[in-house]
Amino acid sequence: MNAKDALRKKFSEDPYRYYHVKLFDELGFKRRQCKCGRFFWTLSDRQNCPDSSCTPYGFIGNPPSNKKTDYIRLWKDIEKFFVKNGHESIPSYPTVCRWFPGLYFNIASIVSFQRSVGGNTVFEFPANPLIIPQVCLRFNDIPNVGVSGRHQTSFTMIGQHSVYDEKSPKQGYWKDHCIELDWQMLTNVMKIPAEEISFLEDVWLGPAAFGYSLEYFARGLELGNAVFTEFVGTPEQYKQMDKKVIDMGAGYERFVWLLAGTHTSYDAVFGPVIAKLKKKTEYDDIVFNSYSRISSMLNADEYNIELQRKIIEKQLGLGYTELRKRIEQLEAVYAIADHAKTLLYAITDGQLPSNVGGGYNLRVILRRALGFINNFKLDIDLFEVCKMHAKYLKPFDKRLIKNLDDLESILGIEAKRFAETRARSEKIIEKLLAKQIDNDQLVEAYESNGITPEMIVSVAESLGQKITIPADIYTKLSEKHVLEKKEEKQIDVPFSQALYHENQNILEFEAKVIKISCHDVVLDKTYFYGRSGGQEPDHGTINGCMVYDAEKTGSTVVHRVEGITFTEGDVVKCIINKERRNQLMLHHTGTHVLNAAAKQVLGNHVWQHSAFKDIERARLDITHYELLDDKKLDEIERIANNAIKSGYSVKKSFVKRTDAEKLFGFTIYQGGAVPEQMLRIIEIMDKNKIFDVEACGGIHVDNTKELKKLIVLKQERIQDGVIRLIFACGPAADTELEKQRNLLKQCAKILNVSENYVLKEAKELVKKWKILNKTYEKHKELGAENMIDELRKRFAGNVLIEPVMNADMKDLQNMCKMLSGNEKIIILFGICENISIFASSGDQKAHAGAIVSNAAKELGGRGGGSPVLGQGIGADKEKLDHIIEKLKHKYQKEKSF
């Protein structure tokens, strides 16, 4: 028995302590035990518990209420009811979770109010009690979306939250009033007959707190779960919380579906969007309705696609191929509608599709949607679907309509990349299909080459092959990208006061030494800034000994000192290097200015991904989907320098976290979650207008004029969806400009022209170089043709392992492309300044990526790849002949020709 089952058993043995509420006595609820062993409370004579595993859905085509409503209007009714009953209505928090470490997305309404303080999770509610329609994103059921009729990657959780303190009973409420309110919502607002509603006893087990809960159902559909979080600790060792928390989460989509009684939740929830999309597809309405009705009678919680389909095929008397033919386009359209809505929310909230982090899951569903559109040749534009959602949901969530231009650009680029992937992937897929494909190979195909399962199915069908994609493949793809894993260093240091925020102008002070360990020194108080938030530390002296580094650990600054001459207990004189401090301040404020300018030019999807501020240069990594052209870079630099010349004030203040979020929103978390209840807020103000506002612990100037100038030196694409802007401000910018002037002088000298004619002469040189390069390429092509002919002669059966002189990676790739074929193993080593390695394999016993990885490692380099393609580099040419002979011995001997 697991911990949750054991806890449920324990609580159910004392139901009147944990599960009983006044409403049950007032209305005459009876407590019964189901054949499955679970206990429930009901007004009817039912013997089975209301869970879908024991009670099939009974509302499809037969809703329990005569209330006529839709996705937009029902929330207004529910909101009005709770506000009338003393709750503050809070708008949905963002779907991208930037306020709590470790989570990429908001997965439940309670997450909106979770915060971290000193490594511990606390709850900070902006009102008590409150109601919130929180939009949540989850990616653990992607293969079921569009198929089951109920699974979705984005959904709204109605959060009913209250903090109850028995010492102050006027604030918040506890379980009696919670269930009374939920009952009134179900029966009075939603008009569900009383006898249709049942409550199931359950428990909720969190990482540091837990409680008992009452799940409420109607006709087999779970509608909500009222969790009474009463205990802190673990099931083995716990105590009662001083302030108990009501965490009632209800599935709003389920409310709408129950009252509509449609065959799928998609038809009820997506409103006019799905109605328009269904007109663009072909399906058998009668078969699909029968399919969905039978599907709803099966175990709704343990949904296994292949198992369910086999049961349904048998009941409908249709074979697999015929059933799929009649319904699969409609399933695809449902999935497209869901995925478009999720992309709309996530991209609006600043998360870009990519191959890392939370963006990974967005690209998975984006490519799944595009795959359906391509495979079924549907006349559907993904952006237009997003736009339809935004317009339909405008009364529910106005922010969705504001960033459609950005969204169109982002989806357009992603669609182009997907098309390019499809074009180059066909041969890779054909090689994969030549052998038995398992889950690991499917995951590798997606992660290495962007090949989706649907693309593999499409190519297989074009070759007359039937392939079944494992039901859990999308779970495998997404499970590694749900939580952000962060390791925190734990260092035992004494507490000391860091005072640089109180007065950053103090550069000389006295302090007492409280700990010395090797080169590490801790003072009872310090004005030295320790490395944190991407800002490099102050340098200086302590009693004349050089401070060459300083690191912030918790609230303590650890000074690294050279040649220590003092001891613990001494009062020492400390001096901070003024020039270094000033330059670091300039670069930190410059980071904020540049980030705000980039957001103005590029759009609201721009967030600070990371930053680094040193004295020579600084860098800002921002989320953006492509490198910037000169026009956009110039515009960002222009806006930044205009903010500097205009002399915007830089206001620094400490604000309670809940107040800061209310005042400024969640864009304050540019540098990630802040584990403090009081946030240091940096406001860059143009009179009364905010130019930029962020939560930041760094040291800043008082006015942007102090920066004098900001120059963007270069940009780099450091990973998918992130570009780096390298820049300099103040004296560092002057130094960079002087370097550029000196470089211009050197170029003029080399070209033997005046500085004014350097550009003209350089253009002439490039023109001549292009002509010479074309001639060189022609000769190279002729040489390559001769080399291809020579290499064809050197095949030992289907195996070719050879060195190629003066060939770079591009040359090797082209040669491999011309030489490759079914079951061939080709391993080429290009010898130039370094060794380029490229391999292709059509033999399942020879993993091209592994071959290259091992060879590159032996040659003092690195490499890797997929089972069919690999590439790498090496440096040690003396070992090359030995490695080639070893590979020939292994693969040419193993093959029988």
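## Charges over rings

The charged end of Arg 98 is placed over the ring of Trp 607, at 3.6 Å from the centre of that ring. This arrangement, like everything described here, is taken from a predicted model. A second case involves Arg 31, which lies over the face of Phe 39, with 3.9 Å to the ring centre.

## Aromatic pairs

Aromatic pairs number 41 in the structure.

Elsewhere, ring pairs join a set of residues into a cluster, which consists of Phe 11, Tyr 18, Tyr 19, Tyr 164, Trp 174, Phe 210, Tyr 212, Phe 228, Phe 231 and Tyr 238.

## The surroundings of Asp 176

Asp 176 belongs to helix H5, which covers residues 175–189, and this residue is partly exposed, its relative accessible area being 29%. Leaving aside residues up to four places away in sequence, Asp 176 touches His 20, Val 21 and Lys 22.

Although Asp 176 and His 20 are 156 residues apart along the chain, their C-alpha atoms are separated by 8.4 Å. As for Lys 22, its backbone nitrogen lies 3.1 Å from a polar atom of the Asp 176 side chain.

Methods. Residues are numbered from 1 along each chain as its sequence is written. This is a predicted model: local features need pLDDT of at least 70, side-chain atom pairs count only at pLDDT 80 or more; totals for chains, interfaces and linings use all residues. Side-chain values use heavy atoms; hydrogens and water are left out. Helices (H or I, at least four residues) and strands (E, at least two) are DSSP runs, numbered from the N terminus. Buried means under 20% relative accessible area, exposed over 50%, partly exposed in between (1.4 Å probe, protein chains only). Contact means heavy atoms within 4.5 Å. A polar contact is a pair of N or O atoms within 3.5 Å; within protein, one must be able to donate a hydrogen and the other to accept it, and residues adjacent in sequence count only if both atoms are side-chain atoms. Rings of Phe, Tyr and Trp (its six-membered ring) pair if their centres lie within 6.5 Å; planes under 30 degrees apart count as stacked, over 60 as edge-to-face and the rest as tilted. A charge sits over a ring if NZ of Lys or CZ of Arg is within 6 Å of the ring centre and within 35 degrees of the ring normal.
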